[in-house]
Structures are given as structure tokens and as C-alpha cells.
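Here is a quick tour for anyone meeting this structure for the first time.

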Amino acid sequence: MIQVYNTMSRSKEVFKPLKEGEVSIYCCGVTPYNAPHIGNARPFVTWDVIRRFFKKLGYKVRYIQNFTDIDDKIINAANAEGVTWQEISQRYINVYFKSMDALNIRRADIYPKVSETIPDIISMIQTLIDKGFAYKLESGDVFYSVEADKSYGKLSKRNLEEMQAGARVEVNDKKRNPMDFALWKAAKPNEPAWDSPFGAGRPGWHIECSTMSLKYLGEKFDFHGGGADLIFPHHENEVAQSQAAIGDEHSFAQYWIHNGFITIDNSKMSKSAGNFFTVEDILKKYPGEVVRFFLLQTHYRSPLDFSEERIQEAQVAYNRLKNSYDNLNDLAKKIECGTFIHSGDKTSMVMVSNACGLAELAERLMAAFDDAMSDDFNTALAISYMFELSRDVNSYYSDYISGKIQPRGADAFVIMRVREIFMMMAEVIGIFENIVEANASSDLVDKLMEIIISIRQDSRSAKNWAVADKIRDDLKAAGIILEDTPQGVKWKQA
RNA sequence: GGCGACAUAGCCAAGUGGUAAGGCGGAGGUCUGCAAAAUCUCUAUCCCCAGUCCGAUUCUGGGUGUCGCCUCCA
């Protein structure tokens with residue numbers, strides 16, 4: 001049973017897919033007018049994990065994420081640079097993909113763009129006009145009428161009177177109600193525009209997501225989400241216009257999932273406030289997987305304060321898990337080499353029982369991991385189980401390396417299973433996927449390292465510590481870490 | 001002004017009506033030529049007040065504090 005916190009009901013609900021064994025998701029993407037910051041990345045990492053988890057459970061997942069590639073900010077950026085809006089949007093879509101790929105975010109099934117969905121948008125606006133939910137002004141602008149919609153405000157839990165008390169609304173005395181929002185913006189001189197029955201212009205901000213989600217997922221789909229700041233007005237307006245157009249208050253998204261903000265010094269990171277770090281910049285100092293891991297150590301709905309210190313902590317914690325990953329791989333490799341085949345004696349009988357304990361623990365933690373993920377995608381709890389498994393894996397490895405354990409053939413089977421479980425957890429969290437590439441070393445490097453280590457070993461044998469330590473220190477400066485273990489010298493990249 | 005969220009150890013962060021996961025940091029031990037890595041042990045009574053209950057950190061009310069939305073925003 002999977003429970004999810006639904007913003008619509010403000011409570012956890014049991015998830016029932018519309019179609020057995022299938023999940024449909026629409027996540028609001030970005031407006032590509034500049035580089036995404038770490039706060040922008042949070043919903044995408046969140047949804048990526050949710051998708052991975054559903055996939056692990058055997059669901060067929062359909063995931064749509066849009067690009068709002070025509071918008072005021074894009075036009076402004078284009079004008080400022082003297083280039084076309086297409087050039088701006090394409091440039092930042094590229095940056096978006098580069099950043100998100102580095103965070104191990106799997107690609108969506110479809111990335112619809114507003115500019116490629118104009119006819120559908122026009123058709124939806126026409127429907128809203130026909131049904132009396134929208135009206136056109138002489139200027140050519142088309143607005144959605146919030147007063148025509150009795151249920152307006154149900155997602156953000158506000159009513160029109162309360163919001164008007166705030167009085168921070170754009171002044172436009174032509175609108176019937178100050179809260180009415182634009183579906184179609186009449187073209188201004190030198191702006192990109194499309195022809196429509198309402199005149200030349202372009203879509204307003206919210207209509208595009210309604211149109212694209214309905215187009216690619218149908219009138220009902222399971223999940224819709226994004227950052228909490230989208231609840232109002234963006235998602236509120238989406239539900240309003242979508243259900244009005246369809247004429248069914250149960251249509252559109254069934255579960256609304258919103259992630260909390262990333263903050264800096266406890267205040268919201270935002271482009272307009274200028275207090276942000278782009279993913280690009282963070283990636284210059286930290287591996288994408290560490291950044292991702294940092295985000296997932298906190299539950300998606302909780303606020304998360306970003307700082308250099310926090311990321312460094314995440315790096316250290318990540319390395320611990322990474323070590324277990326390496327240890328398991330090392331053990332698995334040795335199993336293949338047949339090192340584990342021993343005949344039984346008193347000592348190894350005890351060891352076999354130790355390994356069985358490890359296997360039992362792993363199975364238990366795998367179940368706990370799934371339970372944590374099933375409870376509103378609690379990655380923080382799920383990751384804690386990885387650490388518990390990690391501790392016992394390292395403990396076993398340590399005993400093996402020091403010779404305390406003389407494993408028998410049966411242990412090989414156990415280790416394979418433990419490794420499999422650890423990898424399944426890692427796959428849901430989305431870590432240890434870029435490792436192979438990052439640490440791939442050529443035969444040449446391996447040979448060189450062998451020679452260097454051999455020279456250092458000679459120095460050590462001769463108790464020439466000065467030379468031995470210099471080699472180790474110099475390698476460390478070059479980003480290579482040497483570890484002297486009872487089983488020989490191990491090296492790895494920092 | 002309206003609406004909402006949160007308040008857990010030095011720091012970060014889960015969670016439960018029956019005396020609190022995990023991570024970072026710190027202290028001590030094992031291993032090591034030294035280191036690194038690893039491992040073991042230790043490191044909280046959950047903002048304040050009142051109430052419900054056999055029992056509350058977990059429920060209710062009040063207070064204080066922090067943050068967010070109401071304007072573009074993930």
C-alpha cells in the first residue's frame with residue numbers, strides 16, 4: 001500500500017492508480033530563460049525517485065514534463081541579447097538537460113513545448129469561452145472568469161474575498177474580477193505571436209500546462225506536481241480551467257504533490273531574490289550524485305537549507321555508502337575468482353552463520369526500505385536503512401579482509417544477494433550510476449599504479465618511511481588515495 | 001490584513017499515544033610503521049503553558065518563534 005500526501009485534501013491518502021499497474025504523472029517543467037538553480041532541481045529529483053520507486057514495484061510509468069518555451073521572461077531575455085526567443089529557450093533547455101543528467105534524472109517520456117502545442121491551447125480556450133468560463137476583451141486578451149467557477153480556490157484553500165483583501169493584484173480595470181487571469185495575451189508590437197480566433201497573440205501562463213497534460217495523459221491522470229509555490233496561482237488555475245473545460249470536477253489530476261523549498265539562511269531561494277546557486281555551479285565542486293543525495297536526505301515536503309557545509313556533510317555520508325558499494329563489488333569479484341571456496345571446519349561454520357545474519361538483515365532492510373518509500377516517499381528514512389546495511393556489510397568486509405572470516409562457498413550466494421539488495425536500494429535513490437564512468441581507469445593507468453605501489457612497498461619494506469609517505473602524499477595531492485590494508489594496497493580516486 | 005506550514009541532541013534530520021531512525025561532528029577503543037579506510041562503544045526526553053488519557057514528543061486549546069503563499073517563482 002502506497003500512501004501519498006495530497007495537497008488537495010491536505011492529508012495522506014492511499015494511492016489508487018486509475019489504471020491497475022500504471023502511473024501517469026505530469027510535472028511542471030521550467031521556463032528556460034536562464035540556468036536552473038538547485039531549488040529548481042528539487043522537484044525533478046523528487047519525481048525521479050518516485051518514478052524509480054514505482055518502476056521497482058512493477059508499475060508502468062508515463063511521465064510528462066513540459067517546457068514553457070514562450071513567455072515574458074524569455075522574450076525579455078531575447079530582447080536584451082538581441083537574439084530570437086527560440087535561441088534563448090533552446091540554449092537553456094540544453095543547460096537544463098546537462099544539469100539534470102548530471103543529477104541522474106532519467107528523461108521524461110515526452111517534453112512537450114508550448115510553442116508546439118498552440119493549436120491545442122487555442123482550442124481549449126475556445127471551449128472555455130463557449131462554456132462561459134472565459135471572456136475576450138476588445139484588446140484581444142482573453143481572461144478566465146474566476147466568478148464563473150464556483151469551486152475556484154479549492155486547491156490552495158482560499159476564497160476570492162480573502163485574496164482581494166491582500167490587494168496585491170495587478171491593476172486592470174477591464175477585468176471583470178481582479179483575480180481573473182489571462183488565457184491569451186494579445187500581441188504587442190515586435191512580440192512573437194500566433195493567429196487565433198481571438199486575434200494574434202500568445203498563451204497566458206497557466207493554460208499551457210492544462211492543455212499539455214490533458215493532451216498527453218487524458219482527462220484523468222494520477223499525479224501532478226511541482227514546487228509548493230506553484231500551488232497558487234499556477235496549479236489552482238490549472239485545475240479550475242481544466243475541470244471547467246472538461247465539465248467534470250473529478251477530472252484532471254487525482255493526487256497533487258508539492259515539494260518544499262530550498263532555502264539559504266532560512267529564506268527561500270529564488271531567482272528574483274538573487275539568493276541562488278545554479279546546479280551548474282554546484283556541479284563544479286561536487287559530483288552530481290552527491291548533490292542528489294544531499295537533496296534526498298531530507299523528506300521532499302520539508303524545507304531544506306542549502307549551504308556549503310551541508311553539501312560537504314552529504315559528501316562524507318555518501319562516501320560511506322560508496323565504500324560499502326565498493327566492498328560488495330570487491331567481495332563479488334573474489335567470489336568469481338573462487339577465493340571463497342573453502343572446505344568446512346569449526347571456524348568457517350561460525351562464519352557461515354555470520355553471513356546468514358547479514359542476509360537476514362538485508363532482506364529485512366529491503367522490506368523496511370520499501371515501507372519507507374511507500375509512506376509518502378520517505379527517502380530520508382529509506383536512506384537510513386541503507387546506512388544500517390552499510391554498517392554490517394563493512395563489518396563483514398572488515399572481518400574478511402583481516403582474516404577473521406574464512407568464508408565458504410555458501411557465503412558467496414549470500415553476498416550476491418546482499419549486493420543485489422544494496423543495488424536495488426541504490427537504484428531507487430539513484431546513486432552509484434555514474435561511478436563506473438567517473439572511476440574508469442585504463443589498463444595503462446592500472447599498470448602505472450602497480451609500478452608506483454610496488455616502489456612504495458619496497459620503501460616500506462626497507463622502512464624508508466620518508467619515501468613511502470612522500471609517494472602517498474604526492475598521490476593524494478594528485479587526487480589518488482592509497483590505503484594500506486592487510487590484503488595489500490588499495491587505491492582509488494578521491 | 002487573509003491563509004498555511006513548521007518548532008526533535010553541538011549541527012542536519014526521520015518518527016511514534018507507552019519513554020526517540022539515520023547522517024555529520026565530538027570522545028574513547030581495535031587495526032596500522034604512521035596515516036587513511038573500516039569497525040566497536042558513548043553522545044536527546046522531543047519550544048512554553050493548560051487540557052484529554054492509565055500514559056503525550058506524538059491528540060486538543062492557548063502562547064512564543066521561524067518560514068511560506070496571497071506578485072514572477074520549483
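This is a predicted model: local features need pLDDT of at least 70, side-chain atom pairs count only at pLDDT 80 or more; totals for chains, interfaces and linings use all residues.

- As a bit of background, strands of a sheet pair through backbone hydrogen bonds, and they can do so in parallel or antiparallel fashion.
- How do β11 and β12 run, parallel or antiparallel? They run antiparallel, with two bridges joining β11 (residues 262-264) to β12.

**The chain as a whole**
- Chain A contains 16 helices and 15 strands.
- Its C-alpha trace spans about 90 × 50 × 35 Å along the principal axes.
- Chain A has 494 residues, and 38% of them count as buried.
- Take the contacts in chain A between residues at least 6 apart in sequence: 75% of these join residues at least 24 apart.

**Helices α6 and α7**
- Now find helix α6 (residues 207-217) and helix α7 (residues 231-246), whose axes come within 9 Å and cross at roughly 55 degrees. Because of that angle, α6 is oblique to α7.
- Is the crossing of α6 and α7 left-handed or right-handed? It's right-handed.
- On the α6 side, the contact is made by I207, C209, S210 and L214. E238, Q241 and S242 are the α7 residues that take part.
- Sorted by class, the contact of α6 with α7 has three nonpolar residues, three polar ones and one charged one.

**A glycine in a loop**
- G82 sits in the loop between α2 (72-81) and α3 (85-102).
- Why does G82 count as exposed? Because G82 has 7 C-beta neighbours inside 10 Å, and the cut-off for exposed is 12 or fewer.
- For a sense of distance, pick out M423 too: it lies 341 residues from G82 along the chain, and the C-alpha atoms of the two are separated by 49 Å.

Terms used:
Residues are numbered from 1 along each chain as its sequence is written. Chains are lettered from A and ligands numbered from 1 in the order in which they are written. Helices (H or I, at least four residues) and strands (E, at least two) are DSSP runs, numbered from the N terminus. A residue is buried if 20 or more other C-beta atoms lie within 10 Å of its own, exposed if 12 or fewer, and partly exposed in between; C-beta atoms are placed from the backbone. Two residues are in contact if their C-beta atoms, placed from the backbone, lie within 7 Å. Axes are lines fitted to C-alpha atoms, for helices over the stretch in contact, and angles run from 0 to 180 degrees between N-to-C directions. Angles under 35 degrees count as roughly parallel, over 145 as roughly antiparallel, 65 to 115 as roughly perpendicular and the rest as oblique. A crossing is left-handed if the near helix is turned anticlockwise from the far one by less than a right angle, and right-handed if clockwise. Ala, Val, Leu, Ile, Met, Phe, Trp, Tyr, Cys and Pro count as nonpolar, Asp, Glu, Lys and Arg as charged, and the others, Gly among them, as polar. Two strands pair if DSSP finds at least two bridges between them.
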